[in-house]
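Welcome! Please take a moment to look over the sequence and the 3D view, and then let this short tour guide you from one feature to the next.

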Amino acid sequence: MTRTIVTVVAVLLAGSSACRPKPPASDAPTIVEVSLGDYFFHSPDTIPAGRVTFRLNVIGTDGHVMDLIRLEQGKTLKDLMAAGEGVADSAWARSVGGGVSATEGNSPSYTLALKPGRYVMLCYFGDSTHVPHFAKGMIKEVIVTKGATLAVQPPADLQIRTIDYGYTFSTPLKAGTRTIAVVNPTHQGHEMIMGRLKDGFTVEQARAHDDSTDPTGPSPWEQAGGVGDLAPGDTILMNATFKPGTYRLFCYFSVAGDSLNHYQHGMRTIITVD
């Protein structure tokens with residue numbers, strides 16, 4: 001997986017949902033339902049500014065990420081696609097973070113604050129041939145409108161900080177429905193992808209599969225959500241239900257000029273949730 005934006009010619013899928021975001025109750029974030037599948041986003045075309053909770057519903061078995069990029073200086077989706085790899089150094093495209101899908105039937109939600117403007121929603125995960133999903137049509141322009149007030153941020157059960165290179169926990173993650181404040185205090189972007197060890201696999205088998213240069217057979221991990229493309233200084237609230245078991249957290253980001261990605265730098269950990 002990579003968040004590098006490359007020049008592609010993608011046929012965008014039409015027919016996104018016409019439903020409107022649910023209006024927030026007093027001091028509550030706006031709720032936006034997003035369906036993710038191969039390879040599309042179904043979501044409202046306009047979203048009110050302020051604190052927004054995106055509830056991700058995956059369709060199918062592939063993992064996806066909903067990454068939001070704010071476009072400034074009058075730029076559009078066409079400009080983003082034409083910029084290619086140069087967009088990473090541009091002054092007009094800023095990642096504001098996103099969320100990772102879980103297994104079908106488990107819908108994690110992600111709360112973040114959005115300013116009015118033009119945004120692009122995309123999935124930077126890659127398929128088995130390393131083609132990013134946005135190059136296959138999983139990309140959409142969204143307008144964030146003025147008018148809403150900034151709702152109160154919901155309380156968190158614990159905080160996870162992304163560091164160079166690893167994760168620190170304010171308290172252990174416990175089974176049940178939990179709200180996690182994921183914070184990036186570093187100078188570079190990070191992600192926190194989560195997986196739960198499937199029944200019938202051991203940690204040793206999973207590690208061997210993960211470390212193999214040519215892994216075979218089914219993955220020992222099932223999707224468990226996570227936070228994508230968290231910019232320096234940003235915080236995203238993740239709300240999800242965690243079953244007891246063994247989980248892994250990891251980041252695959254990389255920096256230009258570094259031959260190793262963050263995973264290879266050791267940004268991966270295994271925890272027990274009970």
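## Ground rules

Two residues are in contact here when they have heavy atoms within 4.5 Å. This is a predicted model, in which local features need pLDDT of at least 70, side-chain atom pairs count only at pLDDT 80 or more, and totals for chains, interfaces and linings use all residues. Residues are numbered from 1 along each chain as its sequence is written, and side-chain values use heavy atoms, with hydrogens and water left out.

## The chain as a whole

The chain holds 2 helices and 17 strands; these are DSSP runs numbered from the N terminus, with helices (H or I) of at least four residues and strands (E) of at least two. Of the 274 residues, 45% are buried. Buried means under 20% relative accessible area, exposed means over 50%, and partly exposed lies in between (1.4 Å probe, protein chains only).

Taking contacts between residues at least 6 apart in sequence, 71% join residues at least 24 apart. The accessible surface comes to about 12,800 Å², and 52% of that belongs to carbon and sulfur atoms. Accessible areas come from the Shrake-Rupley method with a 1.4 Å probe; for residues, only the protein chains shown count as cover.

Start with Thr 177, which is found in strand 12 (residues 176-183). With a relative accessible area of 46%, Thr 177 is partly exposed. Beyond its neighbours within four places in sequence, Thr 177 is in contact with Asp 157, Asn 239, Ala 240 and Thr 241. The side chains of Thr 177 and Thr 241 are also joined by a polar contact of 2.8 Å. A polar contact is a pair of N or O atoms within 3.5 Å; within protein, one must be able to donate a hydrogen and the other to accept it, and residues adjacent in sequence count only if both atoms are side-chain atoms.

Val 183 lies in strand 12 too, but Val 183 is buried, at a relative accessible area of 12%. Not counting residues up to four places away in sequence, Val 183 touches several residues, including Gln 159, Ile 160 and Leu 230. Val 183 and Gly 233 are 50 residues apart along the chain, yet 7.2 Å separates their C-alpha atoms.

## The nonpolar core

A nonpolar core is a set of buried Ala, Val, Leu, Ile, Met, Phe, Trp, Tyr and Cys residues joined through side-chain atoms within 4.5 Å. The largest one has 63 residues, of which Val 34, Phe 54, Met 66, Leu 114 and Phe 242 touch the most other members. Strand 5 (residues 65-71) gives the largest share of this core, 5 residues. Among the contacts of Phe 54 outside four places in sequence are Val 34, Met 66 and Leu 114.

## Aromatic pairs

Rings of Phe, Tyr and Trp (its six-membered ring) pair if their centres lie within 6.5 Å; planes under 30 degrees apart count as stacked, over 60 as edge-to-face and the rest as tilted. This rule gives 6 aromatic pairs. In one of them, Tyr 124 and Phe 125 have ring centres 5.7 Å apart and planes at 75°, so the pair is edge-to-face. Tyr 124 and Phe 125 are both buried.

Tyr 252 and Tyr 263 have ring centres 5.0 Å apart and planes at 55°, so this pair is tilted. Tyr 252 is partly exposed at 25% relative accessible area, whereas Tyr 263 is buried at 9%.
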